[in-house]
Amino acid sequence: MVLVSFLFSFSEPLMMALSNSSWRLPQTSFFLVGIPGLEESQHWIALPLGVLYVLAVVGNVTIIFIIWGESSLHQPMYLFLAMLAAIDLVLASSTAPKALAVLLVHAHEIGYIVCLTQMFFIHAFSSMESGVLVAMALDRYVAICHPLHHSTILNPGVIGRIGMAVLVRGLILLIPFPILLQNLIFCQSTVIGHAYCEHMAVVKLACSETIVNRAYGLAVALLVVGLDVLAIGVSYAFILHAVLKVPGGDARLKAFSTCGSHVCVILVFYVPGIFSFLTHRFGHHVPHHVHVLLATLYLLVPPALNPLVYGVKTRQIRQRVLRMFYIKGLI
């Protein structure tokens, strides 16, 4: 609840600042195409996207509810998981409702301020999710390499500061995105060949110089993904080194199994994201509708799958979910 109230208090002045700035625009809105080239079948594409969004909302709300209500789960791994679920909830809800409205009821128009706000939330929370994955890798490193000091090193105060650092980093790095877009001139075309407002898709519409926007967007992507993947890689290198020194195959297997859920989430988040990023900037021979589909799925698949991965892989979460449905069944 604190995170949600903070975001609302932050987004209001952001929208006011954008609306009070001097725009050099002849229109007051953008036009979202949806999935270019697949207009005739967009309503069918919306069905699996809607299912993914429902799974994301139900799954992440369930994860947050279970961890919030169970004091025994107020441990580093589960607290970071609750942060991940909250971020996934915001990320999916920033993308899916408008995308589904475009695909199902042809609500293609989106206001400039709303478009920039959606763009900011999508990119900021993607950065935050990457940061939480780094924090979860740190938790696994401490739990395996320093098990006797796990609760001391990652005490509630440290976890809170890590969560705040992840939040502030995402906000600070992404605030320049909408600000820099205000300096661009959009002469005629305001048609975005996308299902939502994506940074580079908006930048490409400008008829003025966009080198600063492109350079900053590339720098942020390389900084966030590059440093975060490096940090995760170093953490797992230490984990692998420590596990291989453990005598006995069963002990090693148990140590590796504690990292299984996190590794799956890392792959689900980074692999499609990196592929989408590379095709957007360098994949000139990739059909545009393929890129749009990948970019949209990238924002909905991880939020939908993460609760399922942790629900299946983590015994404590699985047991509480089954117990919750069992009690409801008795009622």
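What is the volume of the second largest pocket? The second largest pocket has a volume of about 670 Å³. A pocket here is an open set of points on a 1 Å grid over the protein atoms alone, where a 1.4 Å probe fits, with protein on both sides within 12 Å along at least five of seven lines. The volume is the space filled by probe spheres set on the points, which are joined across faces, edges and corners.

This is a predicted model: local features need pLDDT of at least 70, side-chain atom pairs count only at pLDDT 80 or more, and totals for chains, interfaces and linings use all residues. Residues are numbered from 1 along each chain as its sequence is written, and side-chain values use heavy atoms, without hydrogens and water.

**Pocket lining**

Lining residues have an atom within 4 Å of a point. There are 31 of them, and H123, A221, G273, F277 and Y298 lie nearest the pocket centre. Helix 10 gives the most, with nine residues. Helix 4 (112-145), helix 8 (199-203), helix 9 (211-244), helix 10 (249-281) and helix 11 (288-313) each supply at least two. Helices are DSSP runs of H or I, at least four residues, and strands are runs of E, at least two, numbered from the N terminus. The lining holds 18 nonpolar, 11 polar and two charged residues.

**Transmembrane spans**

The unreviewed UniProt entry places "transmembrane region" features at several spans, including 158-181 and 290-310. Such annotations may be inferred rather than shown by experiment.

**A loop residue**

H106 sits in the loop between helix 3 (76-105) and strand 2 (109-111). Its phi is near 55 degrees, a positive value in a residue other than glycine. Most residues other than glycine have a negative phi.

Methods:
Ala, Val, Leu, Ile, Met, Phe, Trp, Tyr, Cys and Pro count as nonpolar, Asp, Glu, Lys and Arg as charged, and the others, Gly among them, as polar.
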